[in-house]
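Morning, everyone. One structure today, and I'll keep it brisk. Please have a look at the slide first.

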Amino acid sequence: ATLREMRALRDEFQRFLLEYRFGLQEVETKIAILRDEFQHMHDYNPIEHVTSRVKSPDSLTEKVSRKGIEPDFAAIRRHITDVAGIRVTVSFVADAYRLFDLLTAQDDISVRTVKDYIARPKANGYKSLHAIVEVPVFLSTGRVDVPVEVQFRTIAMDFWASLEHKIYYKYDRQVPAGLLASLKDAADTAAELDARMERLHHQVHGAAETPPAPPPRPLAV
Ligand code: 0O2
């Protein structure tokens with residue numbers, strides 16, 4: 001490729017990632033507003049911490065090759081929906097669903113897919129509530145709808161997932177059976193801890209102080 005072509009490719013890649021960064025900022029602001037308003041209205045903060053990342057070029061190219069996706073920006077846009085990712089770690093399981101409901105009910109957000117690994121954990125024990133949402137971003141060139149993967153999980157689920165993630169890569173995705181069984185067992189212990197903490201929380205604060213959950217509604221998927 002000529003130098004001019006290489007520069008054009010670099011610019012296109014930077015712009016590609018920039019759109020995801022903007023999408024992430026929009027969703028981060030929405031989560032921060034919900035947190036601050038919750039604190040103000042209910043004197044209660046359901047969010048322990050929030051982390052976000054735009055997928056690194058390394059991990060993006062690895063996924064493109066692993067999934068056999070055409071290496072062009074349009075195909076990547078279409079098939080890889082976790083270029084922008086935000087992880088919301090909450091205190092209790094009920095908070096994960098409450099925040100999910102509040103975010104996805106906003107009328108500039110559209111929900112593309114939901115994977116409820118809290119209700120249906122993965123075979124290895126992984127739990128989290130995942131949603132791919134699309135958020136509008138307004139650029140000088142017009143509106144783009146950017147997909148952002150939002151993961152909601154409790155501190156216990158996050159603790160488990162971060163250790164499992166390290167083990168998974170340490171063993172290059174081939175975790176020995178004994179270790180897999182121990183991890184599954186640890187996931188059950190984490191779930192038990194979540195249930196106990198939530199019961200304790202209710203005992204201390206009583207149902208009255210906990211903001212009511214929104215009315216049930218069909219998932220928009
Ligand atoms: P990283 O390093 O966190 O970015 P796919 O994304 O195609 O592999 P799928 O079905 O499209 O899988 O998405 P899914 O199941 O919603 O999972 C996407 C993300 O959820 C992962 O991103 C992880 O962050 C997390 N996740 C899913 N399953 C597990 C698991 O078993 N253990 C742990 N620790 N995390 C999990 P990445 O890109 O794989 O990794």
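Let's start at the ligand. Helix 5, residues 155-170, gives the largest share of the shell around it: three residues. Which residues surround the ligand? They are D82, K115, K122, N124, Y126, H130, A161, E164 and H165. By class, that shell splits into four charged, three polar and two nonpolar residues. Keep in mind that this is a predicted model.

Now the overall layout. The protein has six helices and five strands. In sequence order, the pattern reads α-β-α-α-β-α-β-β-β-α-α. The C-alpha atoms fill a box of roughly 70 × 45 × 25 Å along the principal axes. There are 221 residues in the protein, and buried ones make up 21% of them. What about contacts over distance? Take the contacts with a separation of 6 or more: 69% of them involve residues 24 or more positions apart.

A word on annotation. An unreviewed UniProt entry carries "domain: RelA/SpoT" over residues 52-175. Over those residues, the chain is 36% helix and 33% strand.

In what order do the five strands lie? The order is 1-2-5-4-3, in an open sheet with mixed pairing. Strand 1, residues 47-54, and strand 3 are the edge strands, each pairing on one side only. From one strand to the next, the twist averages 25 degrees.

Let me walk through some of the pairings. Strand 1 runs antiparallel to strand 2, residues 84-90, and seven bridges join them. In that pair, I47 faces V90 of strand 2.

Over to strand 4, residues 129-139. Its pairing with strand 5, residues 142-154, is antiparallel and has eleven bridges. A hairpin of two residues connects strand 4 to strand 5. F138 stands opposite R143 of strand 5. Strand 4 also pairs with strand 3, residues 110-116. That pairing is antiparallel too, with six bridges. There, V111 is opposite V133 in strand 4.

What lies across the sheet? Helix 4, residues 93-104, lies across strands 2, 3, 4 and 5. Its angle to strand 5 is about 170 degrees.

First, helix 2, residues 57-66: buried or in the open? None of its ten residues is buried, so helix 2 lies largely in the open. Just after helix 2 comes G68, with a positive phi of about 65 degrees.

Second, helix 1, residues 3-42, where we find T29. Why does T29 count as exposed? Because T29 has 11 C-beta neighbours inside 10 Å, and the cut-off for exposed is 12 or fewer. Now compare T29 with A1. They are 28 residues apart in sequence. In space, C-alpha to C-alpha, T29 and A1 are 40 Å apart.

Helix 5 supplies three residues of its shell, the largest share. Over to you for discussion.

Note on methods. Residues numbered from 1 in each chain as written. Predicted model: local features only at pLDDT ≥ 70, side-chain atom pairs only at ≥ 80, totals over all residues. Near = placed C-beta within 6 Å. Helix = DSSP H or I, 4+ residues; strand = E, 2+ residues; numbered from the N terminus. Nonpolar A, V, L, I, M, F, W, Y, C, P; charged D, E, K, R; others polar. UniProt positions renumbered as here; feature names shortened; annotations may be inferred. Pairing = 2+ DSSP bridges. Axes fitted to C-alpha atoms, helices over the stretch in contact; angles between N-to-C directions. Contact = placed C-beta atoms within 7 Å. Buried ≥ 20, exposed ≤ 12 C-beta atoms within 10 Å, placed from the backbone.
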